[in-house]
Amino acid sequence: MPSLLVALLAALVATTQRASAQIEFSAAVDRNRASVAEAINLTLTISSPGSLDHVSAPELDLSAFDVFGPSVSTRVNFINGRSSFARVLTYKLYGRQPGRYRIGPVRLSMGGEDYLTDVVPVEIVRASPRSRGGEAGSGSGSATVDPESALEDNLFLRAVTDHDTVFVGQQVTVDFDLCYRFSLRDVGFAEIPPFSGFWLKELFVAQRLEPRRETIDGVAFHVVPLRKVALFPAASGQLEVEPMAVSCSISQGRRSRSSLFSLFDDPLFDRRQTVMVRSPALPVTVLPLPESGRPIDFNGVVGQFDLKVEVNPTSVDLGDPVTLRISVFGLGNMQSALTPVTDIDGFQVYDPQVSEEEEIGVAGNYGGRRNWEYILIPERSGELSIPALHLSYFDPLSRAYRQRNSKAIAITVGRGELASVGDPIFDLTRSEIEELGRDIRHIKPDVDALESIQFLHSSITFWLLQLAFPCAYLATLSYRRHQLRLSGDLAYARRRRARPKTERRLQAAAEQVAAGGGEFYGTLMEALVGYLADRFNQSAPSLLRSRCQQLLEEREVGETLRERFDTIVEECERGRFAPGFATPVERQRLLEQSRKFLVDLQEEVG
């Protein structure tokens, strides 16, 4: 019996060893050399004759890369009646810094066994110098990717600071711009820097690509502002604005040079490559605030600020509230502007209401206004005073400390009716104080008028109100039917909305009269054709000049009115392709002719 048990255990161990020996774990990359902008696809493959439902995550160190994924797929193969399973994990890797790296060995634990892949060497190369010659200056500025040319010559993420040396608390503005000569798609932020050591204020984040033309090193580029931030260093020393990463896809197809237009130039047939670009790290030297000349009450405010103090009223009775308003405004980090008042002699000071208003200047300077509103209750009668207030701050432009001072404000407090009251009046809440003096109303002296009797049915107002309810019901019912028809009858809805839409387009054309160019004629053409499309329930893109004439004839529009339309359209088409031939006066005349035509057309077709 013991020998049988030993044999069974030996057979089980042998079976387990054979199953383990059949598990294969491998790692491969699609390329061993890439630039910092190009992706390396790392594929880990787990093959087993058994099911792979419960597989732990492989252990691998990818700290030198920006990692996307993994994407996981499973395959089942049947060969000679036997099934095998494979699980494939694909990682997309972007190198952070140029250099030579080793991926692996990757460790996988399954069934109490560890499996290791071979080491995969990869090399991340530095971007080549941006000579940027070529064809970027022609046409629209877009270029098709040449696989043999340096990607970084035509696509890069630029980061620019307005200052590289600042004081603690002084604003550093950083602009991140995407510069490219390709046709880009799927642009997105892949990595946002943490801006360590800075207090951050976002000034601008792009919602869509709005490129402008800019010449860089003698070559035309599309430049898209992606992000603009205001950074305020919190401590002195050497800080760094970390890189930002952006991913996008670019065309890999090569445009045919044999013909101007080609079927395979269509984006549907275009092969695209996903790339990542990273801005350079920007060093910032932060200087400590000078000790010389520092005011005693300085609390770290840096920028250019002003101070405004208002008191209302300046003459009150004992127990009546006084409102003190303090405003600090200017350029700088408003978060560091602390509450300037704690207590005032002769007054009970209540906690203030604080409000803030942010402002961003044209140059990206961050600032705004912070307001404090205090409720003060005088504790004694006589001549009291709100002392002068002081705001100390450091001006980084002049590299000196500044101080803004207000004037002392005299408050006259009369004895009033509450002077004889023995109980204290200073334990009120803020809401009770704000209601003070407004919660008592005079007793009405006209008692006879209160006792007069008037029958409602003898009043015309009573009957007008009775008629108002059914009229309102009928109006609501009519409006509801109108809305239901608008939602269910597309042609009816388009006819009803045709005139308002056309008026908006004509107004846009009127704003473009002085500027000229093809925009005016295009907008005017869109107004005319769009009106016909909505009025006759047609598709606007399909309404060519001949089709418009056919629609007018089918609606029995007079020949004179059709000729007027044809003349206006002809002049619009000529203006779109030769915008300089007409003066603003002539464009205004054409706009008025279009308005008159639409009015006459509406009267004729009903």
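I began with burial: of the 606 residues in the protein chain, 36% are buried. The model is a predicted one. I then looked up the surface and noted that the protein chain exposes about 35,700 Å², with carbon and sulfur atoms supplying 53% of it.

**Entry: overall make-up.** I recorded nine helices and 30 strands in the protein chain. Of the contacts between residues at least 6 apart, 71% join residues at least 24 apart.

**Entry: a three-stranded sheet.** I followed an open sheet whose strand order is β13-β18-β19, with antiparallel pairing. Strands β13 (184-191) and β19 (272-278) stand at the edges with a single partner strand each, so one side of each has no neighbour in the sheet. Neighbouring strands here are turned by 25° against each other on average, direction ignored. As background, I note that strands of a sheet pair through backbone hydrogen bonds, in either a parallel or an antiparallel manner. For β18 and β19 I found antiparallel pairing over seven bridges. I looked up Ile250 as well, and its bridge partner in β19 is Gln273.

**Entry: Ser249.** I placed Ser249 in strand β18, which covers residues 245-251. Neighbours within four places in sequence aside, I listed Ser183, Leu184, Arg185, Asp186, Arg272, Gln273 and Thr274 as residues in contact with Ser249.

**Entry: Lys228.** I found Lys228 in strand β16, residues 219-233. Which side chain makes a polar contact with the side chain of Lys228? I identified Asp175 as the partner, at 2.7 Å. Not counting residues up to four places away in sequence, Lys228 touches Thr173, Val174, Asp175, Glu202, Leu203, Phe204, Ala363 and Gly364.

**Entry: helix α9.** I checked the length of helix α9, which holds 22 residues (584-605). I then asked which residues of α9 are buried. I noted Arg587, Leu590, Leu591, Ser594, Phe597, Leu598, Asp600 and Leu601.

Methods. Residues numbered from 1 in each chain as written. Predicted model: local features only at pLDDT ≥ 70, side-chain atom pairs only at ≥ 80, totals over all residues. Heavy atoms only, no water. Helix = DSSP H or I, 4+ residues; strand = E, 2+ residues; numbered from the N terminus. Polar contact = N/O pair within 3.5 Å; in protein donor to acceptor, adjacent residues only side chain to side chain. Contact = heavy atoms within 4.5 Å. Buried < 20%, exposed > 50% of the residue type's maximum accessible area, 1.4 Å probe, protein only. Areas by Shrake-Rupley, 256 points an atom, 1.4 Å probe, with all protein chains shown as cover. Expected span 1.5 Å × (residues − 1). Pairing = 2+ DSSP bridges. Axes fitted to C-alpha atoms, helices over the stretch in contact; angles between N-to-C directions.
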